[in-house]
Structure formats: structure tokens, C-alpha cells
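Okay, thanks everyone, I'll keep this short. Have a look at the sequence and the model while I talk you through the fold, then the interface, then one residue.

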There are 2 protein chains.
Amino acid sequence: MKPELHPTTEILAPLLGVWRGEGQGEYPTIEPFSYGEEVTFSHVGKPFLAYAQRTWSLADGAPLHGESGYWRPLDGGRIEVVLAHPFGAAEVLVGTVAGVAIRLVSQQVATTPSAKRIDGSERDLDVEGDTLRYVVRMAAVGQPLRHHLAGALRRVT
Amino acid sequence: MKPELHPTTEILAPLLGVWRGEGQGEYPTIEPFSYGEEVTFSHVGKPFLAYAQRTWSLADGAPLHGESGYWRPLDGGRIEVVLAHPFGAAEVLVGTVAGVAIRLVSQQVATTPSAKRIDGSERDLDVEGDTLRYVVRMAAVGQPLRHHLAGALRRVT
């Protein structure tokens, strides 16, 4: 039996589902690249959405990145997000939800001893019907906060 | 096509699969409780395992907890783990893998503004064939590190 959506997560209902599409990445320390991407937002009736993301090479389908975590809307249009990254980072972001526009700024990034240095990130997500667009800015490996990723996904379920 | 296991993750191969079972929880601030649990360790051929866990009430199947993240074995039997917790915490743990005994100690716990205070945790996992046993000790809400969870899971796939 599918649980009912928790009332505090109704503000994030437009995110629920599986999304697929493509994105482009760039950073001063790497070559620009494109990728395929799948994002899933799901819920179990509790006051958060579970989030999972993975990306792959458009050339050969090889896995590139992934991340997982939880999105916690609060009252007053505030939101908190916790993310685990396979490169060895655990991130706390805070931000706002206004209509279908979500703005997140990382507040803390805990990294493992072997991980590259990540100082923080910002994420903008915008949903228009069955299209989810996002950009990610990142401060890492000594670089100041700057554009890193942009993607557009279509809802597939 | 199933990717080959990355060589650095071979030490964690006994964890791969889906595990189901039950556990018991206790903490000075709450009533003792039992729960059903499912744990999944999977891989995409990269140097980490993806990890997802969820627990539910044995009485009515209602979801209780969940967590997700990545397990990164290093050389020399060392391991790093990053976890996201839906109650608003992002955790970095470090530890050792010796045979099928894994010992983890949290090194950093980043919490969201609305989360309860979590100071750290320790986890012991032991795999014997198709049985995975674990205990979790936790320091939280002002309590020193102490026993919190114990569970035994059977491999189902």
C-alpha cells in the first residue's frame, strides 16, 4: 500500500518520480564533458523525500557519478538537504522552496581523509511540468565557487 | 551488462547483495524497540560500493529509519564511509576491514539546523556466509557513546 505524502513534503510533490536527461559539466581543472543522468525522488510517508542520482558517459554508458540523500522541507519555505557523494564527501545544504524553484547552498561539507577538497556548492532547481532543470556551482580543489554543472531532465514515471 | 567489481572493492565482496532481517534498538532517551530491516550493497564497477538501508515497524510495517551512502575501501585494509541520514545528518566514518570484520568510527557528523545533535557513532559489522551481524554505538542528544542497535540479517539475493 502506497503511503500518503507527509503534509510537510507536499511542497516538494512536483519533484516526485524518476527523471532522465542529459547535462554538461565544466570546471577549470577538467575538460568539459556531457553526461546522461537519472534522478529519483521518492517518499515513504515521512517528512522527507529520498533522493538518488546517477550519471553515465554518453559515449559508452559507463557510470560517472552518483549521489544519494534526503530532502527535508521545513515550514516557511525552508529546506534542508543531506547528501552522500561516492568521492568521499557528506554534505549538508540549506535553502528555500518557492513554488517550483529550489535554491540550495551548502552549509557544511565533511570529507573523508582520502577525498579531494570540496569547500561547498550551490544548486538551483526549477521544475516546469515534466521538465526539471538545474545548475550546480562548486568551490573545490582551491577554486572559488563557480559554474560546474547544468542539466535538463524529463519525468519518465 | 554487469560491470566487473573494481579491484579495490574486492575486499568488500562478501557484503554485496540484498540482506533482510531484524534488529533491536535502545537508548536512554527512548523506549527499546524492534524493527525489520533491509540493506543493499551494490556496485557499478567503480572503487566504492553503494549502500542503502531501510527499517520498518514489525507491528505494522510502517517505515522507521533509512540511510544511504557509499563505502570506499582503501589499501592496507582501511575503509571510508559517507552516509546521509533522513533526520538531517551527513556522516563520515573511517575504519578497518579485516577478513569479514568491519570496524567503523565516525570522524565527522554534519547536521542540519533542525536536526537533533549527533556527536558520533561506531559500527561493527561481521559477515559469516549469508549472515550479516552488526552493532551500532551512538553518542547523541548529550549522551556519551553507548550501545544503540544490534541486528542480524540474512542474504536474500
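So, starting at the N terminus, the elements of chain A go β-β-β-β-β-β-β-β-β-β. That's ten strands and zero helices, where both are DSSP runs numbered from the N terminus, helices being H or I with at least four residues and strands being E with at least two.

Quick housekeeping before I go on. This is a predicted model, so local features need pLDDT of at least 70 and side-chain atom pairs count only at pLDDT 80 or more, while totals for chains, interfaces and linings use all residues. Residues are numbered from 1 along each chain as its sequence is written, chains are lettered from A and ligands numbered from 1 in the order written, and side-chain values use heavy atoms, with hydrogens and water left out.

Now, overall dimensions. The C-alpha atoms of chain A fill a box of roughly 45 × 35 × 25 Å along the principal axes. Of the 157 residues in chain A, 47% are buried, meaning under 20% relative accessible area with a 1.4 Å probe, protein chains only.

On to the interface. How many residues of chain A are in contact with chain B? It's 33, and they meet 33 residues of chain B; contact here is heavy atoms within 4.5 Å. The two chains bury about 2,400 Å² between them, 60% of it on carbon and sulfur atoms. That's accessible area (1.4 Å probe) lost on putting the two parts together, summed over both. In chain A, Tyr70(A), Arg72(A) and Pro86(A) lose the most area to chain B, together 22% of what that side buries.

And the polar side of things? As for who supplies the chain A side, β4(A) gives the largest share, eight residues.

Last stop: Gln53(A), in strand β3 (residues 49-57) of chain A. Buried or exposed? Gln53(A) is buried, at a relative accessible area of 11%. Its side chain makes a polar contact with the side chain of Glu37(A), at 2.8 Å. Leaving out residues up to four places away in sequence, Gln53(A) touches several residues, including Val39(A) and His65(A).

Note on methods:
Buried < 20%, exposed > 50% of the residue type's maximum accessible area, 1.4 Å probe, protein only. Polar contact = N/O pair within 3.5 Å; in protein donor to acceptor, adjacent residues only side chain to side chain.
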